[in-house]
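Dear colleague,

Please find below the structure that I am handing over to you. My notes on its sheets, helices and selected residues follow it.

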Amino acid sequence: MAKAAPEGLITAIDVGSSKVSALIAQKTDNGELVVLGTGQRESRGVKRGYVADMVATELAIREAVEQAERIAGTNIEDVWVSFSAGGLVSDIVKLEVDLGGHRVEQNDIDELLKAGRDAINPGGKMVLHAQPTRYTLDGLTGVKRPLGLHADRLGVDIHVVATEGSPVRNLDLCVRSAHLEVKSIIAAPVATGLACLTDEERELGVALVEVGAGVTNVSVFQGGVLTGLASIGQGSADITDDIASAFAAPRNWAERTKCFHGSANISPRDNHEMIDLVAANPEAHGGEAAKVTKAQLNAVIRLRLERLLQDVQKELRTLGFADQVGRQIVLTGGGADLKGIADYAQGVLNCPVRVGRPRGLTALPEAHSGPAFATMVGLARFAAADPVDIRDLQPAHQMVHRASVGAVFSRLVAAFRANY
């Protein structure tokens, strides 16, 4: 019989197109996150990141969580959930007020953040995140703790991530139907970035390319925060489908063959290495055992990868990252497990590329320590950090203003509304 949940318990659920994974971790007094249990089930009700079958999705969530509960020996009630479908938009909104030269007090910060909360107008989209990132003092950017410093003007950068509301509500309903309370729904790139990227990478500038089963998310980090997002409707499952189609084989054979024999690189010996083919229709080859060469397999894989990486390059240009000096790209997601993908991507994208694996949790099972589980680990780290979200603040009773807020603040709020 499961015991009552201990203090500091965090449960993360990553609902993807190929799998639903769950993780239960406990935050210790020294801030360490210790994994107590994990679970995983095939995702049958999610297509391209969107819930397409509520019953199947609810069942997969329920079974993944129950498996994690059995291993952890405890029952959980509330969870943090990832949202990885397309349509995510990210923006940095700047607000500033006049302080008249006095010291920054907590009340000044609170009123500024409440004003930011009142200004949010996402234009019909649902806001997933609205978090203060850095403050500015008299134009000096990158101030983390302005409290107690003197300034004429205090500003804040608010990171806002929004998306269409219906897919989020469908996901929320699936989780609640599994008798779980949703603490928060987190944009997958935000969580994945926490798990795979170092603070220095996020500060200097890096692109995170998460190759999921049905969706590839491209996100750009600069100045410590997520500054741009794009989604591509292709993923590692499309490679599997291409293999199955090219060789008239069952999909499960194509998936296994991709994982065990597939590679993004091609070598001369691939022409001599043979792979037994399991045909979808055995009579197609006269009843004889058919074979394909590893070179044939990898040619199919590279064709899809080339198309995918061309789309990634296109999105990076749109996000203003493709031509940056010293740029670096981190590949993660289940598709990043493909052999040789980092080397191949480095040649196509013409910049350093590495595979990002999740970090920051103690006792994470080896089976769940690969790039396919980066979002799940990032969710736990996000929950443990307990970041401020200005939507949780009470509305300001009056707009922030001192001596001469007027025109500057009005222009900034107008710009914010125009963006959404």
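**Sheets and strand pairing**

The strands S14-S13-S12-S17-S18, in that order, form an open sheet of 5 strands with mixed pairing. Strand S14 (225-232) and strand S18 (353-355) are at its edges with a single partner strand each, so one side of each is left without a neighbour in the sheet. From one strand to the next, the twist averages 20°. Strand S17 (residues 329-332) pairs with S18 in the parallel sense over 3 bridges, and leucine 331 stands opposite valine 355 in S18.

Before I continue, some conventions are needed. This is a predicted model, in which local features need pLDDT of at least 70 and side-chain atom pairs count only at pLDDT 80 or more, while totals for chains, interfaces and linings use all residues. Residues are numbered from 1 along each chain as its sequence is written, and side-chain values use heavy atoms, with hydrogens and water left out. Helices (H or I, at least four residues) and strands (E, at least two) are DSSP runs numbered from the N terminus. Two strands are taken to pair if DSSP finds at least two bridges between them. Axes are lines fitted to C-alpha atoms, for helices over the stretch in contact, and angles between N-to-C directions run from 0 to 180 degrees.

A further open sheet has 4 strands in the order S7-S10-S8-S9, with antiparallel pairing. Its edge strands are strand S7 (89-98) and strand S9 (140-143), each of which pairs on one side only. The twist in this sheet averages 35° from one strand to the next. Strand S8 (residues 126-137) and strand S10 (residues 153-163) run antiparallel and are joined by 9 bridges; proline 132 has isoleucine 158 in S10 as its bridge partner.

Strand S6 (residues 78-83) has 5 of its 6 residues buried, where buried means under 20% relative accessible area, exposed over 50% and partly exposed in between (1.4 Å probe, protein chains only). Strand S1 (residues 9-15) runs parallel to S6 and is joined to it by 2 bridges, with isoleucine 13 facing valine 81 as its bridge partner. S6 also pairs in the parallel sense with strand S11 (residues 181-187), over 6 bridges. There, the bridge partner of serine 82 is isoleucine 186.

Strand S2 (residues 19-27) and strand S3 (residues 33-42) run antiparallel, joined by 9 bridges. Lysine 27 has leucine 33 in S3 as its bridge partner. The hairpin of S2 and S3 has 5 residues between the strands, and glycine 31 takes a positive phi near 90° in it.

**Helices and their packing**

Helix H4 (residues 188-196) packs against helix H10 (residues 374-385) at an angle of about 90°, with the axes 7 Å apart. H4 is therefore roughly perpendicular to H10; angles under 35 degrees count as roughly parallel, over 145 as roughly antiparallel, 65 to 115 as roughly perpendicular and the rest as oblique.

H10 is followed by aspartate 386, whose phi is positive, near 45°.

Helix H8 (residues 294-318) has 25 residues, which should span 36 Å at 1.5 Å a residue, and its end C-alpha atoms are 36 Å apart, in agreement. The expected span is 1.5 Å times one less than the number of residues. Glycine 320 follows H8 and has a positive phi, near 75°.

**Cysteine 174 and helix H3**

Cysteine 174 is found in helix H3 (residues 165-177). H3 lies across S8 and S10, running at about 110° to S8. Cysteine 174 counts as buried because its relative accessibility is 1%. Leaving aside neighbours within four places in sequence, its contacts are Val51, Met54, Thr57, Glu58 and Ile61. Cysteine 174 and isoleucine 61 are 113 residues apart in sequence and 8.0 Å apart in space, C-alpha to C-alpha.

Terms used: Contact = heavy atoms within 4.5 Å.
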